[in-house]
Amino acid sequence: MFDRLSDDVTADPDAFYKTLANDVRTEASKLGTVVHVAPDRWSNGFVYIKMLAHSEAARLKQAMHGRYFAKNRIVCEYVEEAAYDKKNKIKAMKPSMKTVW
């Protein structure tokens, strides 16, 4: 999970969240295979990211935690895969696939 990534939502919230998801996917894909990205519209800037492997999630967390985006410090935390899948309403993946949000 990335926390505190969003700035003020523009006049077109759908476009804002789509752009945010694409930006996060682009950055995260530099460190591994991105399976899913979901900005949480009801939070204070949370963006959930599911990587293909735990090692990729660890690299992503190491690279992004503490960086700044839109004048906000990024906070990365792991979450259990089952909780991620339930929150984002996606089918469970193979046991070898791990999650970071």
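Analyst: The following answers go from the overall layout to single residues.

Analyst: This is a predicted model, in which local features need pLDDT of at least 70 and side-chain atom pairs count only at pLDDT 80 or more, while totals for chains, interfaces and linings use all residues. Residues are numbered from 1 along each chain as its sequence is written, and side-chain values use heavy atoms, with hydrogens and water left out.

User: How many helices and strands does the chain have?

Analyst: There are 3 helices and 6 strands. Here helices (H or I, at least four residues) and strands (E, at least two) are DSSP runs, numbered from the N terminus. Their order from the N terminus is β-α-β-β-α-β-β-β-α.

User: And what share of the residues is buried?

Analyst: Of the 101 residues in the chain, 39% are buried. Buried means under 20% relative accessible area, exposed means over 50%, and partly exposed lies in between, with a 1.4 Å probe and protein chains only.

User: Which residues touch the most other members in the largest nonpolar core?

Analyst: They are Val-37, Ile-49 and Met-51, in a core of 16 residues. A nonpolar core is a set of buried Ala, Val, Leu, Ile, Met, Phe, Trp, Tyr and Cys residues joined through side-chain atoms within 4.5 Å. Two or more residues each come from helix H1 (13–28), strand S2 (34–39), strand S3 (47–51) and helix H2 (54–64). The most come from H1, which gives 6 residues.

User: What is Val-37 in contact with?

Analyst: Leaving aside neighbours within four places in sequence, Val-37 is in contact with Ala-21, Val-24, Arg-25, Val-47, Tyr-48, Ile-49 and Tyr-84. Contact means heavy atoms within 4.5 Å.

User: Why is S2 described as largely enclosed?

Analyst: Strand S2 is largely enclosed by the rest of the structure because 5 of its 6 residues are buried. S2 and S3 run antiparallel and are joined by 5 bridges; two strands pair if DSSP finds at least two bridges between them. One of the bridge pairs is Ala-38 with Tyr-48 in S3.

User: Tyr-48 again. Which ring does it pair with?

Analyst: Tyr-48 pairs with Tyr-84: the ring centres are 6.4 Å apart and the planes are at 75°, so the pair is edge-to-face. Tyr-48 lies in strand S3 and Tyr-84 in helix H3 (residues 81–87), 36 residues apart, and the pair links distant parts of the chain. Rings of Phe, Tyr and Trp (its six-membered ring) pair if their centres lie within 6.5 Å; planes under 30 degrees apart count as stacked, over 60 as edge-to-face and the rest as tilted.

User: Are those two buried or exposed?

Analyst: Tyr-48 is buried, with a relative accessible area of 4%, and Tyr-84 is buried, with 0%. Together with Phe-46, Tyr-48 and Tyr-84 form one aromatic cluster.

User: Turning to H2, which of its residues are buried?

Analyst: In H2, the buried residues are Glu-56, Ala-57, Leu-60 and Met-64. Seen down the axis of H2, they fall within an arc of 100°, so they line one face of the helix. The arc is that of the directions from the helix axis to the C-beta atoms.
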